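Biologist: Before we look at any single feature, could you take me through how a model like this one is read, giving each criterion as it comes up?

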Amino acid sequence: MNEHEVKILTDRLIPVPQELKFNDGNEFLLNEGCTVQIFVEDTAGVEQKTLESFRLFWGITPALAVAADAAAGKHGAEGYEIGISEKEITVKAAGMTGVMHALKTLRQLAEVQRGTERTQGYFLVPCTIKDFPAMAFRGVHICVFPETPLWDIERQIRIAAYHKFNYAVIETWGIFPFGSHPEFCWADMKLDKKELKKLVRLGKELGITLIPQFNLLGHATASRSITGKHAVLSYDPSLQPLFEPEGWTWCLTNPETRRILTDLVMELYEFYDCPPFFHIGCDEADNIGTCRDCRKKVLKDLVKEHICYFHDLFAQKGTRIIMWHDMLLTKGDERWNGYIVCGLPEHRLGELYKELPRDIIIADWQYGYPKADENAPEPQWPTTKFFKGEGFPVLVCPWLTQDGMKSLGNLAADEKLLGMLETTWHISHDRNFAHIFCTAAYASWNPAVNPGVTLATRLALAQHIRQLGWDTGVDEYIKTGWNQYQVDPGHHPHTNV
Ligand SMILES: [Zn+2]
C-alpha cells in the first residue's frame with residue numbers, strides 16, 4: 001500500500017492509533033457470518049456489546065468467538081490490538097472498555113462496498129493496530145444553557161465518546177430543577193430531568209462518564225457575567241443573604257449558604273449516579289468576600305474552610321473534587337506572566353494551595369499559546385508544572401486555540417499528568433466544533449500524532465456525525481451536521497426551538 005493510500009485511510013481515524021500498519025492482500029468482507037475472534041481477560045458483557053455493535057454499524061451478525069486470555073490486556077484497561085486479514089478480525093483487550101475502543105476504530109476504518117446504487121455491505125483493509133491512550137482522563141466540558149436543546153448535548157456526548165473521550169463534565173447553567181430547592185433554577189427555563197437522566201445512562205452505554213459541575217465560589221449567578229442575568233436573584237430578592245451583595249459569589253460566612261449548597265451538590269451528585277468526580281468550579285471569583293461579615297474575615301481561611309468542607313463531603317463518598325486553578329494564583333506574580341490566573345493581590349489567596357488536600361484535581365485552563373518569544377519552540381506552561389510540582393493531579397484545559405490544544409496534549413503526556421479537559425463554553429459549533437472534537441481528541445489520546453483540522457479530517461468528522469445520526473434516526477434538518485443552519489449560523493446550536 002503506497003503512502004497516498006495510507007494517508008487516506010489514516011485521516012479517517014480520530015484519534016489516530018498509537019501503532020497502525022496497513023498490509024497488502026485481500027480485504028475482509030463485513031458480511032453475515034464473518035469470522036470475528038475476541039480475546040479478553042474479562043469477558044463480561046463483551047459478546048453482547050460486540051454483536052449489538054456489528055448490527056448497528058453494518059447490519060450484520062458475525063460468527064463471533066469470545067475467549068478468556070490472561071495475556072490479552074497488555075495495553076492496559078483501555079488499550080486494544082486489532083488484526084485484520086482476509087479471513088478474520090481478531091481483537092485483544094483487557095475487557096469491555098478496550099473492546100469498545102477497538103469497535104469504534106473498526107467503524108471509522110470500514111468502507112462501503114463500491115459499484116452499486118445502494119449500500120450492499122462494507123469491507124476492511126488488512127492491517128494491524130496496537131493502541132492505548134496517552135492519559136487516563138480525557139474529558140470535554142460541556143455547557144447546557146437555557147438556550148441549549150438537550151439533543152445537541154446528546155450529539156456532543158456521542159461524538160466525544162466516538163472519539164475516545166472518557167469523561168464529560170456537564171455544567172447546567174441555572175436550568176437544573178432542584179427538588180430540594182426549586183428556586184435555584186430559572187422558574188421559566190427548566191431542563192427536562194427525564195431527558196437529562198437519559199444522557200447520564202447513554203454516557204454509560206457509550207463508555208463516557210458524565211461528571212456534574214456546580215460552581216461553589218464565583219459564577220453564583222449561573223449566568224454569563226456579560227449578560228447581567230442571575231438565575232436566582234433576577235426573580236427572587238428574598239435569597240440575597242446567600243450571595244455577596246453583588247450577587248456574583250456565594251456568601252461564605254452565612255451558614256445557610258453552606259446548608260443549601262450541600263443539598264444542591266448532593267442532589268446533583270446522586271442524579272448523576274454518584275460518579276467518581278465532581279467539579280466544584282471556583283474560577284473567576286473576582287469580588288469574593290465583600291459583604292459586611294465576610295470582608296472582616298481573613299479570606300484565605302474562609303475559602304480554605306469552604307473548599308475543605310466540600311472536599312471532605314465528597315471524599316466520604318469516594319468521590320474526588322475537580323476545581324479550576326485560577327483563584328489559587330495571583331495576578332502580577334511574574335512567574336505566571338502571559339498565563340491565565342485570576343487571584344487579585346488584595347485577595348491574598350496565593351498561599352492557599354499549601355493548605356489544600358493533595359487529592360483535589362486542579363483543572364488548569366490556559367486558552368492561549370503564550371510563547372516567550374517568536375523563536376521559542378513551545379510555551380512553558382508554568383502554572384501546570386507548578387501544581388504538578390506541589391503534588392496535585394492536574395488536568396490541562398485548552399479551549400479554542402489549536403496550537404494550545406496540541407502543545408497541552410504533549411505536555412500532559414510528557415509530564416504524565418492526569419489528563420486533559422477540553423472546554424467548549426458557549427462556542428461548541430461552527431469551525432470550533434471541529435477544533436474541539438478533532439484537535440482535542442487527537443491531543444488527549446495520542447498527542448504525538450495531531451493533524452488538527454484539515455479538509456480531510458473535517459470531512460472525517462462530518463462522516464462520523466452522519467454515522468451517529470444514522471444510529472439515532474436523525475430526520476430533522478437542524479439536527480444534521482454540527483450547525484443548525486448553514487446561512488448566518490451565529491451562535492447556534494443554542495436556540496429556544
Ligand atoms: Zn459574605
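Modeller: Let us start with domains, whose bounds come from an automatic or database domain assignment. For this protein the assignment gives domain 1 (3-131) and domain 2 (137-479). Residues are numbered from 1 along each chain as its sequence is written. The model is predicted, and local features need pLDDT of at least 70, side-chain atom pairs count only at pLDDT 80 or more, while totals for chains, interfaces and linings use all residues.

Biologist: How many residues of domain 1 are in contact with domain 2, and what distance separates the centres of the two domains?

Modeller: Two residues are in contact if their C-beta atoms, placed from the backbone, lie within 7 Å. By that criterion 14 residues of domain 1 are in contact with 17 residues of domain 2, and on the domain 1 side the largest share, six residues, comes from α3. The centres of domain 1 and domain 2, taken over C-alpha atoms, are separated by 34 Å.

Biologist: Which secondary structure elements does the protein have, and how many of each?

Modeller: Helices (H or I, at least four residues) and strands (E, at least two) are DSSP runs, numbered from the N terminus. The protein has eleven helices and 17 strands. Its radius of gyration, which is taken over C-alpha atoms, is compared with a globule rule of 2.2 Å times the number of residues to the power 0.38. The radius of gyration is 24 Å, close to the 23 Å that this rule gives for 497 residues, so the protein is as compact as a globular protein of that length. Along its principal axes, the C-alpha trace spans about 75 × 50 × 50 Å.

Biologist: How should I read a sheet, and what is the strand order in the open sheet of six strands?

Modeller: Strands of a sheet pair through backbone hydrogen bonds, either parallel or antiparallel. In the assignment used here, two strands pair if DSSP finds at least two bridges between them. The six strands are ordered β1-β9-β5-β6-β3-β4, with mixed pairing in an open sheet. Strands β1 (19-22) and β4 (63-68) are at the edges, each pairing on one side only. Within this sheet, β5 (residues 80-84) and β9 (residues 127-131) run antiparallel and are joined by five bridges, with I82 standing opposite I129 in β9. Helix α3 (residues 96-109) packs on the sheet, touching β3 (35-40), β5, β6 (88-93) and β9, and its direction makes about 40° with that of β5; axes are lines fitted to C-alpha atoms, for helices over the stretch in contact, and angles run from 0 to 180 degrees between N-to-C directions.

Biologist: What is the strand order in the open sheet of three strands?

Modeller: That order is β2-β8-β7, and the pairing is antiparallel. At the edges stand β2 (28-30) and β7 (111-112), each with a single partner strand, so one side of each is left without a neighbour in the sheet. Two bridges join β7 to β8 (residues 122-124), where Y122 is the bridge partner of V112.

Biologist: How is burial judged, and how many residues of β10 are buried?

Modeller: A residue is buried if 20 or more other C-beta atoms lie within 10 Å of its own, exposed if 12 or fewer, and partly exposed in between, with C-beta atoms placed from the backbone. Of the 497 residues of the protein, 42% count as buried. In strand β10 (residues 137-144), eight of the eight residues are buried, so the strand is largely enclosed by the rest of the structure. Both of its faces are covered, with F137, G139, H141 and C143 on one side and R138, V140, I142 and V144 on the other. Strand β10 pairs in the parallel sense with β17 (residues 419-423) over five bridges, and six bridges join β10 to β11 (residues 167-172), also running parallel.

Biologist: Which residues touch the most other members of the largest nonpolar core?

Modeller: A nonpolar core is a set of buried Ala, Val, Leu, Ile, Met, Phe, Trp, Tyr and Cys residues joined through C-beta atoms within 7 Å. The largest one has 131 residues, of which V99 and A168 touch the most other members. Helix α10 (residues 430-445) gives the largest share of this core, ten residues, and the core draws at least three residues from each of domain 1 and domain 2. Not counting residues up to four places away in sequence, A168 touches residues including G139, V140 and I142.
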